[in-house]
Amino acid sequence: MGETKHTGPIKLPKKPDPALWASKVPFGLGKIKPHHIRDTMKVVWENKDNLPYATRILTQGVCDGCALGVSGLYDQTLTGPHVCTTRLNVLRLNTMSAIEERVLNMDIEDLRKMSSTELRKLGRIPYPLIRKAGERKFSRISWNDALGKIADKMRELDPKRYAFYTTSRGITNEVYYTVGKVARFLGTNNIDNASRICHSPSKTALNRSIGVGASTCNYKDWIGTDVLIFWGSVAANNQPVSTKYMYAAKRKGTKIIIINPYHEPAMDNYWVPSIAESALFGTKIADDVYQVNIGGDIAFMHGIMKHWFEMEEMAHGSAIDHDFVSQHVNGLEELREKVTAYDWDQLVTSSGIQKHQMIELAELLAKSKSAVFVWSMGLTQHRFGTDNISQVANLALLRGFLGREHCGLMPIRGHSGVQGSGEMGADPFVLPGGGMGKGNRERVEKVWGFDIPEWQGDIVGVSLENALLPEEHERKLDLYYLSGGNFLETMPDPDFVKQCLENIDIRVHQDIIFNTSTFADAREAVIVLPAMTRYEQPGGGTSTSTERMVYFSPEIKGPRIEEARMEWEIYVDLARRVKPDQQHLIDFNTADEIRAEIAKAAPNYDGIQHLKNRGDVFQWGGAWLCEDGLCPTPDGNGNLITVELPELRKPEGHFYVTTRRGKQFNSMIYGEKDPFNDADRYDVLMNEADGAELGIKEGDAIVVYNQHGTFHGRAKFVAVKRGNIEAHWPEGNMLIPKGVYEEFAGIPEYNAAAIVEKAETYFAQKDTKYVEKRVEELEVDIS
Ligand code: SF4
């Protein structure tokens, strides 16, 4: 933690710098790029029935899009307005009216024909609904009866047989804190959140490396750092305003390096709409791009460190910051031994990066005085995700790029609630203020006034699998209480997920809209509860950005949905019904009361109790965590972690396959075409040379298959690393294995090996193989 305070936003230079222009043609005419003005006009049109309210949300509320973080139209990094099309696209979720009665009365089979995009456009859930087993339609139910039914079921069940889950979109810290507390009050640790499938490895790895699982620095540190690395992160697409910070960084001479299997066009050149010069001529973002194999990052980082150790042999201090390491870091010798034992051929094969390229980046970092490492799903969504992030921390620790200006480690978050959900304790491994270990548990028990169960709660994927356990198993999942989320579109193997969802007695969907999961059957009943958005909640709410800014979002005057309720209030109501004799232990009546308790239960959040008005914000932990190299670990030192080279399971003739986002906000799709490369949702991104080897031409129908599933798409030739392909998420999820979780953080594996074939060959071969097999069998029979 640090003493230094964030110094607030800075101004961009006024004079243009043509050296950074992407094109001399105004507005990038003729180039494939997003059309911000057209997209904005579309949003205005969509919100035309509620424009004053939409405007108030934008100017007064805290963005419910990604976790870059902005209050109204201003952030803490740069003066000037901050808004993007992602925020504008999700705006409609807050301004639309209720779903029409006729739709609510539709047959379930007709509802099931709609995609999540179509369902999102239907409007808000107006009142509680129930669909019992065997019924073909939802029917209206009162709040009293709905919560009574859930509470009755919970009272019947051992708490190990039910679970809670919270999404990361739009939910406030107050809700996460309350549901975390309610779950423990009811006796279950089965509570998890959406960060399990995105950044849980970041938190786990940073905790073991530096003692704290959050970004150590600010976006301001990008601006003027020597090197800014985006590793497995397409921030330009997922956190669009970050491009403004990148522009500012370029203006200060920062070198931007991109590491990704695909040379993402969005990270190459970007037309930043709020900067006149960039809106007109674009900005060159990437100085260098390293196209690594999917899963080859550990090898790449080993290569960088291996070269550092070689440099050190030639000249002590030429690569490693020995002052920093000797005073603040453990484990140098073990790391040296591990890294130097790998030979270059192994590292080149695994990473797909040539030795001279690894040396090039190693030397750039060795001569830099500062660097910020930013990463995202490209590093975390692997069965070795935690090790990936520990490697990044190793690089920063060896060079002393930690705890000071223009240096740091930043897991950039894609959803406004990802940072806060874990910190508030909506997580099976976490309580407010720390982990589930005895010390923190006893401390939180004192604040809460009741005992917290000691058994280990399940992560979301395992909770889902528990639905298929035999009836007599103590963890057979009988009730799943979901606040948002759509597992059918976010978890690997959708068919399996559907089976799990259907094998639960009662499934509760607390949400603002329907999604495809809402319509899966349940053994007893599906109960749908209408939630308020963050802007509707009396007393407002807070959310925590990637850079640990805790922003207050006030209640905003506007139309309301008939029976939607504050989410934290629903959980309190439920808890009181399940354990009426102990309801005094869970008696929040206002959002202020919750914030006051958060400040006690999560010491880092001391200050949240003072957030009451629009624009209120504070940053927990100060400007730099681990300031001056002092880490919040037991001995105050950072830990270098030795990491094995992962075994990459790619048999002969297979491709590495991973999933990628297009024009979408997490799993919400906003356009069939990706505005950066013109790919449609069923295009498979592959290298032209790989296509040529397989006789595949651009646009050919292809089949990608493995033991997990079969994906039918079209070949799209792009600058992706040879031997690697990318399919869109969630459409390509059937290729991903189920039940494979990362060892330390429980994130599911989101990568696989797969065969690619031209569709016509695939079908022809299937027939041939069938015939050959039959002939073989016949031959055996005859002999
Ligand atoms: S970049 Fe993120 S925080 Fe900023 S406006 Fe867009 S969605 Fe909201």
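Trainee: How do you know that helix H19 runs at about 175° to E11, and which strands does H19 lie across?

Mentor: This is a predicted model, so every value is computed from it. Helix H19, residues 385-399, lies across E5, E11 and E12. Its angle to E11 is about 175°.

Trainee: What makes E5 and E11 a pair?

Mentor: Two strands pair if there are at least two bridges between them. Strand E5 (residues 227-231) and strand E11 (residues 371-375) have five bridges, in the parallel sense. So they meet the rule. Val 227 has Ala 371 of E11 as its bridge partner. Phe 230 stands opposite Val 374 in E11.

Trainee: How do you know that E11 and E12 pair?

Mentor: Apply the rule of at least two bridges again. E11 and E12 have four bridges, also in the parallel sense, so they pair. Val 372 stands opposite Gly 408 in E12.

Trainee: Why is E11 called largely enclosed?

Mentor: Buried means under 20% relative accessible area. Five of the five residues of E11 are buried, so the rest of the structure largely encloses this strand. Ala 371, Phe 373 and Trp 375 point one way from E11. Val 372 and Val 374 point the other way.

Trainee: What makes E9 and E12 edge strands?

Mentor: Start with the sheet. It is open, with five strands in the order E9-E6-E5-E11-E12 and parallel pairing. Strand E9 (288-290) and strand E12 (408-411) each pair on one side only, and they are the edge strands. On average, neighbouring strands of this sheet are turned by 15° against each other, direction ignored.

Trainee: Which residues of helix H16 are called buried, and what covers them?

Mentor: The cut-off is under 20% relative accessible area. In H16, residues 344-351, the buried residues are Trp 344, Leu 347, Val 348, Ser 350 and Ser 351. Their cover includes helix H13 (297-314) and helix H17 (355-367). Gly 352 follows H16, and its phi is positive, near 80°.

Definitions and conventions: Residues are numbered from 1 along each chain as its sequence is written. This is a predicted model: local features need pLDDT of at least 70, side-chain atom pairs count only at pLDDT 80 or more; totals for chains, interfaces and linings use all residues. Side-chain values use heavy atoms; hydrogens and water are left out. Buried means under 20% relative accessible area, exposed over 50%, partly exposed in between (1.4 Å probe, protein chains only). Helices (H or I, at least four residues) and strands (E, at least two) are DSSP runs, numbered from the N terminus. Contact means heavy atoms within 4.5 Å. Axes are lines fitted to C-alpha atoms, for helices over the stretch in contact, and angles run from 0 to 180 degrees between N-to-C directions.
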